Amino acid sequence: MDIEQNQAELIDNFVKQASAQKGTALGSVILEATSHPSLFAFSEILAVPTVAELEGTENSVYLKVLQLFAHGTWSDYRSNCSSLPQLVPDQVLKLKQLTVLTLAETNKGIVRGKLDQLRRCFEIQFAAGRDLRPGQLGSMIQTLSNWLGTSDNLLVSIQEKIKWADTMSELDKKHRKEVEARVEEVKKSISVKAEVEFRGLEDIYSEPGGVMDYEEDRSRPKRRRHPRS
């Protein structure tokens, strides 16, 4: 099953469970959600009114656990373990996995990817997203805005290159036409010149006293002259 689809179904299920419980009863729901091997997002559960109502009550520790899994890391738990309940093994594993996801936001490391043996690291190609921390939305919007600006600049650059390529193509076509026209002019010039020269030769051979007549004269016998007495 697709990861996003599986997440959506799990979230919907736990939201329904949390909405039907109050107070101490929410502890078991939160424990199950934070131990589930395929659930990595908890903001929707945090937004359930009965869960939000735990704030400031004797059961607020359950809310803190859920907030830890939504936004915190293993280091956060170690730093505040005295005020939090002891985590079960499945929760420990889940929180460490979530910590890896947090590291994956800024550093290439784990999740789905490929092993780079040369650099001795695992390069991330996919990582499930975590819940946004309070105040993180503004930073994300700024990141997306910067990405959008970069994309716009790239698009303008691509359009300019396409325009330049079109211009060069038109210039090339124009140059080809000019060359072809010049070739045709040269061909016509050569043809006219050859025709003129041919006609000139025709005229020479056909004129009286021309080459043909001269040849004819040479073929006639000459009369002998007698010496004068």
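This passage describes the overall fold of a predicted model and the packing of helix H2 against helix H5.

Residues are numbered from 1 along each chain as its sequence is written, and side-chain values use heavy atoms, without hydrogens and water. In this predicted model, local features need pLDDT of at least 70 and side-chain atom pairs count only at pLDDT 80 or more, while totals for chains, interfaces and linings use all residues.

The protein contains 9 helices and 2 strands (DSSP runs numbered from the N terminus: H or I of at least four residues, E of at least two). Their order along the sequence is α-α-α-α-α-α-α-β-β-α-α. Of the 229 residues, 23% are buried (under 20% relative accessible area, 1.4 Å probe, protein chains only).

H5 (residues 60-71) packs with H2 (residues 26-35): their axes come within 10 Å and cross at roughly 15 degrees. Axes are lines fitted to C-alpha atoms over the stretch in contact, with angles from 0 to 180 degrees between N-to-C directions. H2 is therefore roughly parallel to H5 (angles under 35 degrees). Contact (heavy atoms within 4.5 Å) involves Gly 27, Ile 30 and Thr 34 of H2. From H5, Tyr 62, Val 65, Leu 66 and Phe 69 take part. These residues comprise 5 nonpolar, 2 polar and no charged (Ala, Val, Leu, Ile, Met, Phe, Trp, Tyr, Cys and Pro are nonpolar; Asp, Glu, Lys and Arg charged; the others, Gly among them, polar).

The buried residues of H5 include Val 65, Leu 66 and Phe 69.

Note on methods
Angles under 35 degrees count as roughly parallel, over 145 as roughly antiparallel, 65 to 115 as roughly perpendicular and the rest as oblique. Buried means under 20% relative accessible area, exposed over 50%, partly exposed in between (1.4 Å probe, protein chains only).
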